[in-house]
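Subject: Handing over a predicted structure

Dear colleague,

I am passing on the structure below, and after it you will find what I noted while going through it. Please read the notes with the structure open beside them.

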Amino acid sequence: MLFFLTILSFLPLLYILYILHSFLERKKHQKCYLLDYQLYKPSDDRKLPTEFCGDVIKRAKNLGLNEYKFLLKAIVSSGIGEETYAPKMVFEGREENPTYQDAIVEMEELFEYTIGRLLKRTGISPSEIDILVVNISMLACMPSLSSRIVNMYKMRDDVKTYNLCGMGCSASLVSLNLVESIFKSKKNQLAMVVTSESLTPNWYTGNDKSMILSNCLFRTGGCAMILTNNPSLSHKCMLKLNCLVRTHHGAKDESYGCCIETEDDQGRVGFHLGKSLPKAATRAFVDNLKVIAPKILPIRELLRFGILSVTLKILSKGKGKSSGSSRPVINFKAGVDHFCLHTGGKAVIDTVAQNLDLSEYDVEPARMTLHRFGNTSASSVWYVLGYMEAKKRLKKGDRLFMISFGAGFKCNSCLWEVVRDLEGEGNVWKECNIEDYPPQTLINPFMEKYGWIQDEDIETFKVPE
């Protein structure tokens, strides 16, 4: 009887221990790890130097001299180098009339290169993949691109597939957020995310300056990655996701319309980049930072910034005027070791660097990615990560802040923690002679040849990079 009473007295404690164990077990399986990733590097015959860009512009039937000058000026001052890549149809002279099959082949080449190498390096079989997310913003086909991958690699019939379109350059982190959410309800999962953009069917054939820019600024690229929440694989993983914040300003008409696929006056479809784009990007960026800063920065930095802000506000009121010149700046380096910035253009990198008070060392990976691979849309942040890895900057315990912008208008960001020292095995940057970066100059070698366009009296238009 005494034994039975003793057991009963321990039941509440056992129940509490069970609840605690279940909670800890669930938390352990909710972590999101990046196991590995593979960047896309097309063949050398797909490189797009500035001189060839000039030839492509000259053969465009609907472009006049003013548009020719405008586009060359955009190219030579964009920060994009001589070794970026373009779709095959550009080199075949068919950019104005590509076929549907051209677009499919562009995607299948990406899938074969990235997924094939990734699975081989990790030793993971396609049948082990539980979740597949594909984000290609500007190509919707049937069957979906995710179904094509399932068929190409003969994945399981219960694999959960998601195909995201229209998410723009910030789509990678949208996909990542989707996987993270699924991980919270399912244990020991392997998820594959494929991120890129389809350039082939989206070449603009008109002469609207706000729409022909996309032909010049975007380049071929892509990335496939494998994520997991399996604790037994954590020691093999590269990064651990600590937090992710998404900001969407689609409710604001100006933000919604600044970056949009539409028709010009002649009915030609293209991607419009409006003059309000820099303003919309800044607003979204500021709102995103307000949410993520308390999640990633130490309390001491938040207190310092808060006290300084209140003090300056009180002093400015006392003087009866604004002291905007001495506005306090929050120090993100207090909680972040590396900054992985979206390579939307030179202006994007410069603006983010200024707002976060970053050094040239901090933004070097983004500048080099823009120079070597161009703006590869949603996959660009992974090329920036690849540069850091190839340079052996990422050490165990380091914290990496990833920021992306996209149509909508969206700003998404996340904080990664480096799980182990990364050496850059299988990284395409190693094939680019990483020891030669950064080069002595980023000035376009054709700046002198096309320098005359800087002095021409042509219509002024701020390039919204």
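From strand 2, Ile-131, Val-133 and Asn-135 point one way while Leu-132, Val-134 and Ile-136 point the other way, and all of them are buried, where buried means under 20% relative accessible area, exposed means over 50%, and partly exposed lies in between (1.4 Å probe, protein chains only). Because six of the six residues of strand 2 are buried, this strand is largely enclosed by the rest of the structure. Helices (H or I, at least four residues) and strands (E, at least two) are DSSP runs, numbered from the N terminus.

Before going further, a word on the basis of these notes: this is a predicted model, in which local features need pLDDT of at least 70 and side-chain atom pairs count only at pLDDT 80 or more, while totals for chains, interfaces and linings use all residues. Residues are numbered from 1 along each chain as its sequence is written, and side-chain values use heavy atoms, with hydrogens and water left out.

The protein chain as a whole

The secondary structure of the protein chain comes to 14 helices and 11 strands, and buried residues make up 53% of its 465 residues. The chain exposes about 21,500 Å², of which carbon and sulfur atoms supply 55%; accessible areas come from the Shrake-Rupley method with a 1.4 Å probe, and for residues only the protein chains shown count as cover. Of the contacts (heavy atoms within 4.5 Å) between residues at least 6 apart in sequence, 81% join residues at least 24 apart.

Nine strands form an open sheet with mixed pairing, in the order 3-2-4-5-1-6-11-10-9, and two strands are taken to pair if DSSP finds at least two bridges between them. Strand 3 (160-164) and strand 9 (338-341) stand at the edges with a single partner strand each, so one side of each is left without a neighbour in the sheet. Neighbouring strands of this sheet are turned by 25° against each other on average, direction ignored; axes here are lines fitted to C-alpha atoms, for helices over the stretch in contact, and angles run from 0 to 180 degrees between N-to-C directions.

Eight bridges then link strand 10 to strand 11 in an antiparallel arrangement, with Ile-403 standing opposite Ser-413. These two strands form a hairpin with three residues between them, and Gly-408 in the turn has a positive phi of about 145°.

The helices

Which strands does helix 5 lie across? Helix 5 (residues 100-122) lies across strand 1 (32-39), strand 2, strand 4 (190-196) and strand 5 (222-228), and runs at about 125° to strand 1. Helix 6 (residues 145-153), for its part, lies across strand 2, strand 3 and strand 4, running at about 130° to strand 2.

The axes of helix 3 (residues 65-76) and helix 8 (residues 209-217) come within 10 Å and cross at roughly 45°. Helix 3 and helix 8 are therefore oblique to each other, given that angles under 35 degrees count as roughly parallel, over 145 as roughly antiparallel, 65 to 115 as roughly perpendicular and the rest as oblique. Where they meet, Glu-67, Phe-70, Leu-71, Ala-74 and Ile-75 of helix 3 face residues of helix 8, namely Lys-209, Ile-212, Leu-213 and Cys-216.

Helix 14 (residues 380-390) is mostly covered, with 11 of its 11 residues buried, among them Trp-382, Tyr-387 and Glu-389. Just after helix 14, Lys-392 takes a positive phi of about 60°.

A residue after strand 11

Val-428 lies in the segment after strand 11 (410-418) and is buried, with a relative accessible area of 0%. Val-428 and Tyr-387 are 41 residues apart in sequence and 9.0 Å apart in space, C-alpha to C-alpha. Leaving out residues up to four places away in sequence, Val-428 touches Gln-38, Leu-39, Lys-41, Tyr-113 and Phe-373.

With best regards
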